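Please keep the model in view as you read.

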Amino acid sequence: MRILLVENDQAVAKFLVAALQGCHDDWEVEVMASPQEAVEHVATTTGLSYNLLIADYDLGDPKCNGFQLVALLLSDDRMRQSLTRFIPYRAIIMSGLFPEDFHARMAQAWANGVSLLPLQKPVKLSVLEALITCVMALP
């Protein structure tokens, strides 16, 4: 399974990559440090397909948070095809503090065919692994 991880904190990204790849030998995690890097990578890379997007809510960019990144990546047919072979599209948004309107944002994502799940930081690896397994099992 290929996972696209968008995390602007290098220490968190490094930990998550090591932890996730340590959970399952067949989990390949690719890290992008910013929303712009993720969009550019997905838009310009051919032949790649991601099964899951994991993004931090606060990506250090006042113009693009995790919810906006998901919407941006899925707004273009070519990027959507690069992101996943599976429908509905799957994403996990992690945050230490979600905005007040996150329930509405979640509902909008689901209405648009995105299986988007929130995960409160700090994250236990066992919880993240279980959530990934569950979201990948969704029809």
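A residue is called buried here when its relative accessible area is under 20%. With that cut-off in hand, and remembering that this is a predicted model, we can look at strand E1, which spans residues 2-6. Arg2, Leu4 and Val6 point one way from E1, whereas Ile3 and Leu5 point the other way, and all of them are buried. Because 5 of the 5 residues of E1 are buried, the strand is largely enclosed by the rest of the structure.

Which strands, then, pair with E1? One of them is E2 (residues 28-32), which pairs with E1 in the parallel sense over 5 bridges, and within this pairing Val6 stands opposite Met32. To get from E1 to E2 the chain passes through helix H1 (residues 10-23), and this β-α-β crossover is right-handed. Strand E3 (residues 52-56) also runs parallel to E1, to which it is joined by 4 bridges, and here Leu4 stands opposite Leu53.

We can now turn to helix H6 (residues 125-137), whose 13 residues reach 18 Å from the first C-alpha to the last, close to the 18 Å expected at 1.5 Å a residue. In H6, Leu128, Leu131, Ile132 and Val135 are buried. Seen down the axis of H6, its buried residues fall within an arc of 100 degrees, so they line one face of the helix. An α-helix has 3.6 residues a turn, so residues three or four places apart point the same way.

Terms used: Residues numbered from 1 in each chain as written. Predicted model: local features only at pLDDT ≥ 70, side-chain atom pairs only at ≥ 80, totals over all residues. Heavy atoms only, no water. Buried < 20%, exposed > 50% of the residue type's maximum accessible area, 1.4 Å probe, protein only. Helix = DSSP H or I, 4+ residues; strand = E, 2+ residues; numbered from the N terminus. Pairing = 2+ DSSP bridges. Right-handed = clockwise from strand over helix to strand, strands pointing away. Expected span 1.5 Å × (residues − 1). Arc of directions from axis to C-beta.
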